[in-house]
Amino acid sequence: MNDLTRRAFLMSSAGAVTGLAIIPEALSARPYRAPEPLNIALIGVGRHGRAIAAELAKIENIKLAAICDIDQQRLDAGLRRIGGEAGGGGAGGGGGGVEGFTDHKALLDKRKDITAVIVATPTHLHREVVVNALAAGRHVYCETPMAHTLDDCRAIAAAARGSKTVMAVGLEGRSNPVYQLARTFFRSDSVRDLVSMRAQQHQKTTWRVPASEPAREQAFNWRLDPAVSLGLPGEWGVQQFDVFHWYREQYPVAVRGRGGVRFHKDGREIADTVQVALEFADGAQLDYSATLANSYEGKFEVFFGSNAAIKLGWTHGWMFKEADAPTQGWEVYANRQQFHNDQGITLIADATKLASQGKLKEGVGLPYPSLYYALADFVKSVSEGKPAVAGADEGLRASVVGILAQQALRTGELVKIDPALMKGA
Amino acid sequence: MPVTLAAWGMGTRFEVVLIGGDERSLSAAGEAALAEVAGLDARLSAFRRDSLISHLNRTGHIAPVTLDGDLFALFERIDEAYHATGGAFDPTVGPLMRALGFRGGPPAAPDSAELAAARARVGWRHVRLDRARRTVAFDIEGLELDLGGVAKGFALDLLERSLRESGVTCALAHGGTSSVLALAAPPGAPGWRVEIAGMRGPLLLANASLSVSARQSRRTAPSADGDCPSHVLDPRSGQPVADGPQAVSRAWVVERDTAGVAWAGTRAECWSTAIVAGATPVPTQPGPWAWARQHETGASELGGAARSLLCAPADASPGAEPEPIS
């Protein structure tokens, strides 16, 4: 979150509430170090793939040993940026370098030393890669949404269940230390009765990817292809919806939505602005807004409760308490001294006011981007035998919500979410 | 019709103008190029706790940090600039910037013991680059990198590479109007017209980068004896640099490395940063900026003179006149 959105982010709660920063103080600033050396491959070297490579570089004792992309030019660009030799297609790789492949099956066959694979291909291509990697006995991290159809999601989940290796899905909220800490507040009733929920991702961008030839342009712009794309609710929303599933330990029972092309009138069909309502069994509703036409306030989630609201912004988290909310024991200490207490949180009184004055120090906030924590947890699962923080079943359920939200958007009708689907069967 | 796009990054506004092809493709290409800037901001900003530079500053003295190809190449360019400028370009001045109140928070005039402690933590010589492993490490604790003096130029270099990979050949980009990079000239013109505040006449820019650095762009508190220190330090002495003219430097897009980066933006900005910090603009090493002439432009409307460094391409014959700014 940059400075502009952070200030806007905090100023929205004037007057009636006190803002407290949620910061996991116990967080070490040292990056994770794998106990044994680990070789990893990245399949899919688009912009997100390169972001993944950048975060992997911070984790110690692991090596990004190979990358794969079906597009040779993109593979070469990736190799150049990451530091291998361009022109690889299975033949490259000097000592210490990154080997390039255009076929993931060739990668799996040749590089038996690579035990873990990260899948960052377009969504509709996840299934084949993930299933092949699991069948080849590798650990897999699959980006969200897990797949673009119910069938593909089920196939991946079945393959994961039948596999002895780790399968993790990139539901980043669950690995995020701020979100983990804020969840303990939520579950311990600081928020009290949950009244409603809100989330948004606003970012002004065309969502178009450039390509130097028309043939590649269509392949690269799968997000704008209605035949395969889950649109904004699927590609963007799933990560955020999952935060609510995880906090509440339940999934919505129905979804409705509206959307259209409000700004990028370049012939596209995929809506650039959407509003989606996810209804839960107890009547509480999550309102989700996403647009490609405006960036105000960026990406965040909010839980509104009768005692407090919790607002989460991926590197920051806040709790806004009502004036008549009872004071918790630890807050008495917090108001006297602004440093961490025995619960491992640092509270800064009047944080909202300080932030609006630009006085809040940059020390607040996570030391690594959200994506880092999800990848580190995957490496931990692989190295230490822990179960994945978010596995294929969570991935399936979260993706189903995204798939049905996009369906609701396209049909304009209320779509019921069958609880049987949410069992991962 | 030229397509113009803009995005925020590195605390300023980047803008790119593209010519040629259809609007949809140019927009996508421009957006992808600007996304490089945003990505770099996230990795390089010393103001963000979750950036790679912050990570390096926290852990560089404990264990070497692996950098990706682009960032490691940047560090190699910085190393070259440090040596070529006699140490006047040195991005380790962070602790000193903070001690003098230049990095966020209220400006301060700290006592001399605090300043001395800050000075002891400054020096690019403490940075160790391992080219075989592509790692960087610090040999003292407390070293802090601040790439503010080169980040915009580097962003423009990666932006330029991205545009070329998308098939764009004719474009102009700038970061906050203080760093500019031109690809090929618009059709029918010898170059993109660029005006520099305080200097006469437009400059025609093509396949080159221009960087302007000034000493007086940020107000700070007066020190005890009433002077207003500028926001620029001379790393060699650890002292703020006294008021003076702006520096303009230009570097040509001459050759690309194996990663496809031409480094003109980075080089131009390193030099303009170094000149305002007191470097003498005569590099001693031959290369794409082998010849340099100190060019006094005379008084401008604002009453000051600008010293500028003009760099000629390596294949220009000795004695050939680079384009003067006048």
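Me: How many salt bridges are there between chain B and chain A?
Reply: The count is two, taking a salt bridge as a side-chain nitrogen of Lys or Arg within 4 Å of a carboxyl oxygen of Asp or Glu. This is a predicted model, in which local features need pLDDT of at least 70 and side-chain atom pairs count only at pLDDT 80 or more, while totals for chains, interfaces and linings use all residues. Residues are numbered from 1 along each chain as its sequence is written, chains are lettered from A and ligands numbered from 1 in the order in which they are written, and side-chain values use heavy atoms, with hydrogens and water left out.

Me: Which side chains meet in a salt bridge at 4.0 Å?
Reply: Arg50(A) and Glu36(B), with 4.0 Å from N to O.

Me: And how many residue pairs are in polar contact between chain B and chain A?
Reply: Five, with both residues at pLDDT 80 or more. A polar contact here is a pair of N or O atoms within 3.5 Å; within protein, one must be able to donate a hydrogen and the other to accept it, and residues adjacent in sequence count only if both atoms are side-chain atoms.

Me: Which element gives the largest share of the side of chain B that touches chain A?
Reply: H1(B), with eight residues. Helices (H or I, at least four residues) and strands (E, at least two) are DSSP runs, numbered from the N terminus.

Me: What's the area buried between chain B and chain A?
Reply: About 2700 Å², and carbon and sulfur atoms give 49% of that. Buried area is the accessible area (1.4 Å probe) that two parts lose on being put together, summed over both. In chain B, Arg24(B), Arg49(B) and Asp50(B) lose the most area to chain A, together 23% of what that side buries.

Me: How many residues does the contact take from each chain?
Reply: Chain B gives 30 residues and chain A gives 32, where contact means heavy atoms within 4.5 Å.

Me: OK, confidence. What are the ipTM and pTM?
Reply: ipTM is 0.75 and pTM is 0.82. As for pLDDT, the predictor's confidence in each residue, from 0 to 100, chain A averages 84, with 80% of the residues at 70 or above. Chain B has a mean of 76, and 74% of its residues reach 70 or more.

Me: Where is confidence lowest and highest in chain B?
Reply: Lowest is strand E14 (residues 292-296), at a mean of 32, and highest is strand E4 (residues 127-130), at 96. pLDDT also stays under 50 over residues 283-326 of chain B, and the model has 93 contacts beyond four places in sequence for that stretch. Residues 217-229 of chain B stay under 50 as well, with 18 such contacts.

Me: Switching to chain A: is helix H7 mostly covered or mostly open?
Reply: Mostly covered: eight of the eleven residues in H7(A) (177-187) are buried, where buried means under 20% relative accessible area, exposed over 50% and partly exposed in between (1.4 Å probe, protein chains only). Among the buried ones are Tyr179(A), Arg183(A), Phe185(A) and Phe186(A).

Me: What happens at the start of H7(A)?
Reply: A side-chain oxygen of Asn176(A) reaches to within 3.0 Å of the backbone nitrogen of Val178(A). Just after H7(A), Asp189(A) has a positive phi of about 80°.

Me: Back to chain B, how many helices and strands?
Reply: Seven helices and 15 strands. Chain B has 326 residues, and 57% of them count as buried.
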